[in-house]
Amino acid sequence: MVKSKIEYYLSSVESVTSRMAVNVPSLKLNNGYSIPIFGLGTWKSKPGEVAQAVRDSIDAGYRHFDCAFVYGNEKEVGEGIRDKIKEGTVKRSDLFITSKLWNTFHLPELVVPACKKTLENLGLDYLDLYLIHWPMAYKLFPRVSEGKFAYSDADYVDTWPEMEKLVDMGLVRSIGVSNFSSKQIERVLAIARIKPVTNQVECNPYLNQKKLQEFCKKKDILLTGYSPLGSPDSPFLKPDVPKLLEDPKLKKVAEKYKKSIAQVVLRYLVQRDVITIPKSVSKERISQNIAIFDFKLSPEDMAYLDSFDCGGRLCSLDHATDHPHYPFNIEKHWCTPNKTTQLATIGLGTWKSKRDEVTKAVEIALDAGYTHIDCARIYENEDEVGAAIQNKIKEGIVKREELFITSKLWNTYHRPELVVPACQTSLKKLCLDYLDLYLIHWPFAFKEGCDLMPTDETGKFEISEVDYVETWKGMEKCAEMGLVRSIGLSNFNSQQIQRVLDACCIKPVNLQVECHPYFNQKKLREFCNDRDIVITAYSPLGSPDSPYYKEGTPKLLEDATLKEMGDRLGKTVAQVILRYLVQLGVATVPKSVTPSRIQENFNIFDFELTAEDMACIDSLDQNLRYIPFEETNHHPDYPFNIEF
């Protein structure tokens, strides 16, 4: 029988579409089923767009579709799927459909009806995968007052047996979790008859989840990454947060492979065996996103992208931080000194960095991924630091808004009328319009004048009687003028901090002090934490080139306990120390001009110290201050004459 022209045309189109479709690899789940490693996310896909996006995706080769009841678009997703099944483009058995149990349905008696409703919405007989969307349970949805949700007492370990019942009933083939922490997964595993097959979490180069992936791998649980492209349209995106798809370092990698930034990011995740589900409704981007199986990132580029991790979580569901099952009450690589700035927990210190070395050191640091640079007028190298920053901005490696630059008011400028001009001088030297953070370097004032270290005929420092409380008014003026975004203190004791707090209009956001395992500042840290002041540690490695070293003083980097711990973890003593401080919630600014050490100091986010390790390092405290600045102990505002 001869085909009609229409039949011939349709069969030809189907043949061409089939040839164009990408063949996506699959991973094996712990129950024997397979899941395509790449799929289409549908969060934030608007009504009227998502059905066509699903149809376009199936034509492009997508077979994995990630849905959820709360997305409010399951009916349209189902429409797109049914259209392609009717056309004969795919069979139901070719597809892998995921949906999720929303937070209002955690009570055991609500789980089965919720799943059935999703199946009805999608027009399906079964789901390939059903996840508990979040570990938190709500009573009501939407918000009940002031942006808050009404919480339920339902425990996800009581929800899980009902998820297992769905498998028994044939409504779903596999079950899993989403946005669960390692501890929460452990709780599920302890009571589970059927293991979760995956944990779906936010995952991209800025939040690479390597530790969580390693944990899940040991439990035979795959990791699925949502918002792999940094969710540029996320409702949780803050104005000051760096945008992944605009990262100039990623742009250079993409140019090397002649791919888009998005393709490089997606390839990075897939190459790590992270199931990846980017969302798009654009036919062009849907096709572009899946075209990542014709190239491979080198081991060096994979390691380079690993280094981008900064704990940059965008989908944090901040309204639920007080829920007992909120999953993200764990370490953050970003400290938040106030609502508009973020202070990376690892930065580059520049004290004692020579002028002919510091420009190169800062450039190397910025290339390595540092965004936090710590400076000071007294270091007398701000011109060189500024030159490095401007070089990297001109090269497109960083943007000014991605950086966090700190400087400090020196002791000879404590008079209120001298504070603004001193700040302006630092800005001029650094070639910047504003500082992210400006600190009073020390609480005591020196005699005003051109000499930064004024001494009398006996060599004793000449002091000024200016009260740092008066100086603080000048600091506040800097903030009011827009010269600085945040202000803080350095080398102040608890009593001095309290005096500033009692008198201030703008609260200090940060205290920079010497801090390391031999001098862990526990009491001062607790004091500042209670007052919402972030601690930054200078000399975190014990300042091995300190001018105050005395013969017989123990050297931190030669500590046998730390060396043994480093050997066990495959890390250097320096990395163990810096990791210890970060896990304490302390930002650190180790100084180095050596390229290998600059990189090494930054590579501390791929391991974690156990509670036992942390306690062991805590026990090393000797109240040993390497930087006492004892020549100034005659000053009435000398800070180290009290316990903390």
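Some ground rules. Residues are numbered from 1 along each chain as its sequence is written. The model is predicted, so local features need pLDDT of at least 70 and side-chain atom pairs pLDDT 80 or more, while totals for chains, interfaces and linings use all residues, and side-chain values use heavy atoms, with hydrogens and water left out.

I start with the annotation. An unreviewed UniProt entry places "domain: NADP-dependent oxidoreductase" at residues 39–308 and 346–621. UniProt positions are in the numbering used here, feature names are shortened, and annotations may be inferred rather than shown by experiment. Over residues 346–621 the chain is 41% helix and 13% strand, with the end C-alpha atoms 22 Å apart. Helices (H or I, at least four residues) and strands (E, at least two) are DSSP runs, numbered from the N terminus.

Eight strands in the order 3-4-5-6-7-8-9-10 make an open sheet with parallel pairing; two strands pair if DSSP finds at least two bridges between them. At the edges are strand 3 (40–41) and strand 10 (275–276), each pairing on one side only. Strand 4 (residues 64–66) pairs with strand 5 (residues 96–101) over three bridges, and Phe65 has Ile97 in strand 5 as its bridge partner. Further along, two bridges join strand 7 (residues 172–178) to strand 8, where Val177 has Asn199 as its bridge partner.

Why is strand 8 described as largely enclosed by the rest of the structure? Because five of the five residues of strand 8 (residues 198–202) are buried, meaning under 20% relative accessible area with a 1.4 Å probe, protein chains only.

Another open sheet of eight strands has the order 13-14-15-16-19-20-21-22, and the pairing is parallel. Its edge strands are strand 13 (348–349) and strand 22 (587–588). Three bridges join strand 16 (residues 437–440) to strand 19 (residues 487–490), and Ile440 stands opposite Leu489 in strand 19. Helix 14 (residues 416–430) packs on this sheet and touches strand 15 (404–409) and strand 16; contact means heavy atoms within 4.5 Å.

Last, the helix pair. The axes of helix 2 (residues 50–60) and helix 10 (residues 283–290) come within 10 Å and cross at roughly 35°. Axes are lines fitted to C-alpha atoms, for helices over the stretch in contact, and angles run from 0 to 180 degrees between N-to-C directions. Ala53, Asp56, Ser57 and Ala60 in helix 2 meet Lys283, Ile286, Ser287 and Ile290 in helix 10.

Key:
Buried < 20%, exposed > 50% of the residue type's maximum accessible area, 1.4 Å probe, protein only.
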